[in-house]
Structures are given as C-alpha cells and as structure tokens.
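Please look over the structure shown here, with attention to the contacts between its charged and its aromatic side chains.

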Amino acid sequence: WIPNSDDDVTNEVPQPVTVDFLVIAGGGGGSLDSGSGGAGAGGYRNSYNSETSGGGGSSETALSLSPGVQYTVTIGAGGAGGSSEPSAGSAGANSSISGTGITTITSNGGGRGGTAPSGSSTMNGGSGGGGSVGYPGAGSGLGGSGTSNQGFNGGTGYRNSGAGGGGAGAVGANSAGADGNGGAGGAGLASSINGSSVTRGGGGGGATYNDTPGAGGSGGGGTGGRQSPVSQGSSGTANTGGGGGGKYSSSPANIGGSGVVILRLATTDYTGTTSGSPTVSTSGSDTILTFNASGSYTA
C-alpha cells in the first residue's frame, strides 16, 4: 500500500488540485463602412459555482491540476479596427489554459463587425459580429455565428444601419431597417468567480448614418458610431472580451477588448508559483488569480 497522505511517509501519491476557471477571449474589432455592424464578444467559458457559459451553455467541469506541473495561461488580444473606409476589422484572438494532463480550455475570439458585402467567415467567432449592408445596397446582411457554449450570433443589419454584435448572454439586436437606428450589442454574463459579481462579454453596437447608434452590450461592449452628426462610438473594454462598436466612416475604427482568465482554488492548495504577474486576491477560504496578460501557474 502507498498512503495518499501521511506525515511520516515520504513516498506519498500527489493529489490533484481542483481549480475553477473563467476563460474569456478577445472581442472582435469594429469595421469601418456604411452602417457597419458591431463586433462580437470573445468566447466565454465558465466552471465556477454552476454559473453558465456563453451562448446559453451550461457550467463546465472544474480543472484537475497535477502538483508540480506548470500550466500556461494565454490571454487573447482584441481585434483590430478597420483603418480606412471601407475596411473590415479583424476577429479577436483566442484565450486558453493548457498543460500536461488536462484538455486545453480554449475560448474563441469574437467575430469582427460586418461590412459590405457582409458575408465573411471572420464574422464568426466566440460571439458573432453584427451584419451590415453598405450604401446603396438593398436587402439585409446576416450577422456572424457564435460558437456553441461560448457566445451568441450577431444580429441582421440593413442599409446605413448596422446590427449589434453577439454577446456571451444574448444575440445582437437587429438594426431598425434601412437608414434606421443601429442595433444594440448582445448582453454579457455576470460571474462572481473573483468574489463579487462582474459582467463581461458584451457585444458591440452597430453604426448608423443619422439615427441612434446601437448601444454596447452590458459587459464591455463598445457603442456604435454615427455619421451625422459625427459620433465616434467606442472600443470594447479591456479584459472583458467586449466587442468594438461599428463606425460609419471616421478612421480609425474601434478595437475589441482584450480577454481575461481567472482561476479560483482553495487557499490551502495555492502554491504561489506564477508568471505574468496575475492579480492575487482572496475570498473566504479561496485564492483567486486574475490574468490580464499571458502567464502561468504551477500547481
């Protein structure tokens, strides 16, 4: 027999450490075109306290880390915005946790906002980018698709009025028809993994010509822009995975918010061995590591 734990026995079997996680990818970048759509939020995956993952997904199973093994945390950057009219933004980058003995947890970067022509695979992502139809186009432009258990689809846009990008918690809103209001970004999700409720993963709002721009989704989504009178809109909020707002013509466009990875484990299991300077805090009997930049944790 080999005891699992015994202060008088040196040949003990190392016991796995249970660690909850929240992994959010970078949000998509806003495009620059006639009534461009808002960008999608970064993919959202959560295992803490039965809280849901994005796209209506259920809570995931916590990680089981092996003592002495280093686990790599990668934080996805937000997507770049379009640089001149017309130009598309780019999708956000993935965030992940990887290491020996676990299945890598990857959240997909958010889809970029729609331009004309709207259809493009880069509108797909953790959450999908909002659709758009450029002037003088007719009909509607579909939004990008979100990833199952990570985020929702973007809405449908029309001429001179872009749709909202999808969020972790809701579909991006459709715009209000040709030359109408921009669609609002989809809402994000709230998590208490770091000890208090914080909402992240909101989609970007769609742009409009001279009506009301789409609001950013709760949880870091950027507001859409307007051509007349000029309103620049805004980028996604850093470390929320929020999508950038669409812009009508002013350059440069709005970027996506960077992602974040949060780990939570029993303080008695915390080793204190990290890289990348995560923020370390406590809540009750647990220690929480918040990675706003890439790094590692050794269990």
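The report below takes the salt bridges in turn and then the aromatic pairs.

## Salt bridges

The model is predicted, and a search of the whole structure finds 3 salt bridges. In one of them, the side chains of Arg 45 and Glu 60 come together with an N to O distance of 2.7 Å. This pair links distant parts of the chain, since Arg 45 belongs to strand E2 (residues 44-46) while Glu 60 sits in the loop between E2 and strand E3 (63-65), 15 residues apart. Arg 45 counts as buried because its relative accessibility of 16% is under 20%, whereas Glu 60, at 22% relative accessibility, counts as partly exposed.

Another salt bridge joins Arg 159 to Asp 179, with the closest N and O atoms 2.4 Å apart. Arg 159 and Asp 179 each lie in the loop between strand E8 (157-158) and strand E9 (189-191), so the pair ties together parts that are 20 residues apart in sequence. Arg 159 is partly exposed, with a relative accessible area of 26%, and Asp 179 is likewise partly exposed, with a value of 32%.

## A salt bridge between two strands

The side chains of Asp 286 and Arg 264 also form a salt bridge, at 2.9 Å from N to O. Here Asp 286 is part of strand E14 (residues 286-291) and Arg 264 is part of strand E11 (residues 260-266), so the contact ties together parts that are 22 residues apart in sequence. Both Asp 286 and Arg 264 are buried.

## Aromatic pairs

The count of aromatic pairs comes to 2. For Tyr 209 and Tyr 248, the ring centres are 5.5 Å apart and the planes stand at 55°, so the pair is tilted. Tyr 209 and Tyr 248 are both placed in the loop between strand E10 (198-200) and E11, so their pairing ties together parts that are 39 residues apart in sequence. Tyr 209 is partly exposed, with a relative accessible area of 34%, whereas Tyr 248, at 10% relative accessibility, counts as buried.

For Tyr 270 and Tyr 297, the ring centres lie 5.9 Å apart and the planes meet at 10°; the pair counts as stacked because that angle is under 30 degrees. This pair, too, links distant parts of the chain, with Tyr 270 in the loop between E11 and strand E12 (273-275) and Tyr 297 in strand E15 (residues 295-298), 27 residues apart. Tyr 270 counts as partly exposed at 23% relative accessibility, while Tyr 297 is buried, with a relative accessible area of 2%.

How values were computed
Residues are numbered from 1 along each chain as its sequence is written. This is a predicted model: local features need pLDDT of at least 70, side-chain atom pairs count only at pLDDT 80 or more; totals for chains, interfaces and linings use all residues. Side-chain values use heavy atoms; hydrogens and water are left out. A salt bridge is a side-chain nitrogen of Lys or Arg within 4 Å of a carboxyl oxygen of Asp or Glu. Helices (H or I, at least four residues) and strands (E, at least two) are DSSP runs, numbered from the N terminus. Buried means under 20% relative accessible area, exposed over 50%, partly exposed in between (1.4 Å probe, protein chains only). Rings of Phe, Tyr and Trp (its six-membered ring) pair if their centres lie within 6.5 Å; planes under 30 degrees apart count as stacked, over 60 as edge-to-face and the rest as tilted.
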